[in-house]
Amino acid sequence: MAFVTREFPSTHKVIIQDMVSGHSLEVFQALKCRNLRWTPDSSEVSFWAETKSTGGRAFVVPRLGGAARPLEALEKLAWSSDGTDYATCSETSKEITISNKITGESTSIPLLWPFLWIEEIDWSPRGEFLCVLTGDEDDRYAIWSVSPDGVLQNMVFDEEIYDLGSPFWSPQGDTIYFTRL
């Protein structure tokens, strides 16, 4: 299990805890850490962190500790099912960038519908689609499915609601789960 602890006034620590032994290991510390995501093989955890030396950027660190490596990624990040690629965007992006973890080569997918911000992205386990949660000026939230080449962009859910969050694909990749407050 990976989680973030916060110590006053503003030190965040990324902790990885073994669920069998209960042993915990601090793997990273920064001013802020958020958006933790395991790589598909669970060998590493990625996250967004703000540090004094680098400002805000994405990192990946081995689950057993070691040096954190920066990723060319924005605040929101989702891994492909084989862990070779990741999709990334910022809150105000109007596109999703898909990058190769090793080479850094990337392509961009323009998002074709009107919205003001992106809340979250996730990549289906079968690799067929990304789900994207967006919001607009009328507090209307929408979940879209987007193919990795950007050709297919379909609205899955749309509602005027105060808070909708955390859309994630089911393990089979046939359902999107989300919270609704």
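These legends accompany close-up views of a predicted model.

**View 1. The largest pocket.**
The largest pocket has a volume of about 300 Å³. Its lining is made up of 15 residues. Nearest the centre of the pocket lie Trp38, Pro40, Trp79, Asp122 and Trp123. Strand E4 (32-38), strand E12 (117-123) and strand E16 (164-169) are the elements that give two or more residues to this lining. By class, the lining of the largest pocket splits into 8 nonpolar, 5 polar and 2 charged residues.

**View 2. The second largest pocket.**
About 170 Å³ is the volume of the second largest pocket. Its lining includes Met1, and also Ile16, Gln17, Asp18 and Met19. His23, Ser24 and Leu25 line the second largest pocket too, as do Trp38, Arg63 and Leu64. Two or more lining residues come from each of strand E2 (11-17) and strand E3 (24-30). The lining of the second largest pocket holds 6 nonpolar, 3 polar and 2 charged residues. Trp38 is also among the residues nearest the centre of the largest pocket.

**View 3. The cavity.**
Rolling a probe the size of a water molecule over the atoms shows where empty space is left. How many cavities of 30 Å³ or more does a search of the whole structure find? The search finds 1. The largest cavity has a volume of about 40 Å³. Asn35, Ser46, Phe47 and Trp48 are among the residues that line the largest cavity. Ala58, Leu74, Glu75 and Leu77 belong to the lining as well. Strand E5 (residues 44-51) gives the most to the lining of the largest cavity, with 3 residues. In classes, the lining of the largest cavity has 5 nonpolar, 2 polar and 1 charged residues.

Strand E1 (residues 2-7) pairs with E2 in the antiparallel sense, over 6 bridges. Phe3 stands opposite Ile15 in E2. The hairpin that joins E1 to E2 runs through 3 residues. E2 and E3 are also antiparallel partners, with 6 bridges. Gln17 has Ser24 in E3 as its bridge partner. Gln17 and Ser24 both line the second largest pocket. E2 and E3 form a hairpin with 6 residues between them. Gly22, in the turn, has a positive phi of about 85 degrees. Is E2 enclosed or open? Of the 7 residues of E2, 5 are buried, so E2 is largely enclosed by the rest of the structure.

**View 4. The sheet E8-E9-E10-E11.**
Four strands make an open sheet in the order E8-E9-E10-E11, with antiparallel pairing. Strand E8 (76-79) and strand E11 (106-110) stand at the edges. Each has a single partner strand, so one side of each is left without a neighbour in the sheet. From one strand to the next, the twist averages 25 degrees. Strand E10 (residues 95-100) and E11 run antiparallel and are joined by 5 bridges. Ile96 stands opposite Ile109 in E11.

**View 5. The sheet E12-E13-E14-E15.**
This open sheet has 4 strands in the order E12-E13-E14-E15, and the pairing is antiparallel. E12 and strand E15 (153-160) are the edge strands, and each pairs on one side only. On average, neighbouring strands of this sheet are turned by 15 degrees against each other, direction ignored. E14 and E15 pair in the antiparallel sense over 7 bridges. Arg140 has Glu160 in E15 as its bridge partner.

Ser145 lies in strand E14 (residues 140-146). Why does Ser145 count as buried? Its relative accessibility is 9%, and buried means under 20%, so Ser145 falls in that class. Which residues is Ser145 in contact with, leaving aside its neighbours within four places in sequence? They are Phe129, Leu130, Leu152, Gln153, Asn154 and Val156.

Definitions and conventions: Residues are numbered from 1 along each chain as its sequence is written. This is a predicted model: local features need pLDDT of at least 70, side-chain atom pairs count only at pLDDT 80 or more; totals for chains, interfaces and linings use all residues. Side-chain values use heavy atoms; hydrogens and water are left out. Buried means under 20% relative accessible area, exposed over 50%, partly exposed in between (1.4 Å probe, protein chains only). Contact means heavy atoms within 4.5 Å. On a 1 Å grid over the protein atoms alone, a cavity is a set of points where a 1.4 Å probe fits but cannot get out, and a pocket is an open set with protein on both sides within 12 Å along at least five of seven lines; lining residues have an atom within 4 Å of a point. Grid points are joined across faces, edges and corners, and a volume is the space filled by probe spheres set on the points. Ala, Val, Leu, Ile, Met, Phe, Trp, Tyr, Cys and Pro count as nonpolar, Asp, Glu, Lys and Arg as charged, and the others, Gly among them, as polar. Two strands pair if DSSP finds at least two bridges between them. Axes are lines fitted to C-alpha atoms, for helices over the stretch in contact, and angles run from 0 to 180 degrees between N-to-C directions.
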